[in-house]
Amino acid sequence: MPTPIAASTTESPAVALQPPGLYIVATPIGNLGDLSPRAAATLASVALIAAEDTRVTSRLLHHIGARTPMIAYHDHNADAVRPGLVARMTREAIALVSDAGTPLISDPGYKLVRDARAAGVEVFTIPGPCAAVAALTLSGLPSDRFLFAGFLPVKAGAKASAIAELAGLRASLVFYESAGRTAATLSALAEGLGDRPAAVAREITKKFEETVDGTLASLAERYAETPPRGEVVIVVAPPAAAEAPDADTLDEALAAALLHMSLSAAASEVAAALKLPRKAVYARALELRDPD
Ligand code: SAM
């Protein structure tokens, strides 16, 4: 990030102006103390802040004593607002923030960055809190390789298919979920992935923060009995090594089985032989049989 140009403005004489460009600014996911000094300085010194919800961001600006102008930038107006914002970035500094955490991570912003880059605008990041990474670090599960899967579909069928796609992946899996759907999602994960170790991180950095670990089925039972409150991230362990043959081994076993048995029987036999969840094997068998 370039050094801010020292200048005075009529609103905030002490604040240095930022060079033109797009500034992606991460904000706290609960505890305001997590706003970095650099994030605060950037928000106070850009010409404009594109905010997911200007009411939420105005509370943050109040906290740092800044009165930077804002414009709403969210899923419903992004296409209309984006071209004008990108044009302004060529001559002014514009920050992008979401309601909480890192913009673009299950939040608006990716197309703004894409178009800014395409227009030759300089893009800077002021990194900071992200619930997915915070939950992974709290979970006690392997962190060397992980996949951020965002929110799963709400409808049961689409949810099961999305989970089946992830079943063979040798990586921890990180999901965002609403509190009310946590138990059902844990249950669907147990069914689609097998009863793996997992953790539910709730209200991270807030007063009632807690991380509970267990197996997917035990966590599903716990949260069905006592639904969680607040914001939730689910982290799931990778499959145990013995349960995760590589993709070629699975495909070869399925291809051989499909030569002499039905799709359903092939899925059952291969799932049992390779110790994989039948649902995931069935989904892969379908893909092999009907590639389009
Ligand atoms: N961009 C944000 C980030 O960087 O984490 C995520 C925004 S996404 C719309 C909101 C989801 O993030 C929530 O439903 C929850 O799954 C997760 N989340 C956000 N803040 C959280 C917190 N303090 N504790 C637990 N989960 C949180």
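Reply: What follows describes the sheet, then the helix across it, a loop residue, and the chain as a whole.

The model is predicted: local features need pLDDT of at least 70, side-chain atom pairs count only at pLDDT 80 or more, and totals for chains, interfaces and linings use all residues. Residues are numbered from 1 along each chain as its sequence is written, and side-chain values use heavy atoms, with hydrogens and water left out.

The sheet is open and has five strands, in the order 6-7-10-8-9, with mixed pairing. Strands here are DSSP runs of E of at least two residues, helices are runs of H or I of at least four, and both are numbered from the N terminus. Two strands count as paired if DSSP finds at least two bridges between them. In general, strands of a sheet pair through backbone hydrogen bonds, either parallel or antiparallel.

At the edges of the sheet are strand 6 (146–151) and strand 9 (210–215), each pairing on one side only. On average, neighbouring strands of this sheet are turned by 20 degrees against each other, direction ignored. Axes are lines fitted to C-alpha atoms, for helices over the stretch in contact, and angles run from 0 to 180 degrees between N-to-C directions.

Within the sheet, strand 8 (residues 197–202) and strand 10 (residues 231–236) run antiparallel and are joined by five bridges. In this pair, A198 of strand 8 stands opposite V236 in strand 10.

Helix 7 (residues 182–193) lies across strand 7 (172–178), strand 8 and strand 10. Its angle to strand 10 is about 10 degrees. Contact means heavy atoms within 4.5 Å.

The loop between strand 8 and strand 9 holds T205. T205 is not a glycine, yet its phi is positive, at about 70 degrees. T205 counts as partly exposed because its relative accessibility is 25%; buried means under 20% relative accessible area, exposed over 50%, and partly exposed in between (1.4 Å probe, protein chains only).

As for the setting, the chain has 11 helices and 10 strands. Of its 292 residues, 41% count as buried. Among contacts between residues at least 6 apart in sequence, 67% join residues at least 24 apart. The C-alpha atoms fill a box of roughly 80 × 40 × 30 Å, taken along the principal axes.
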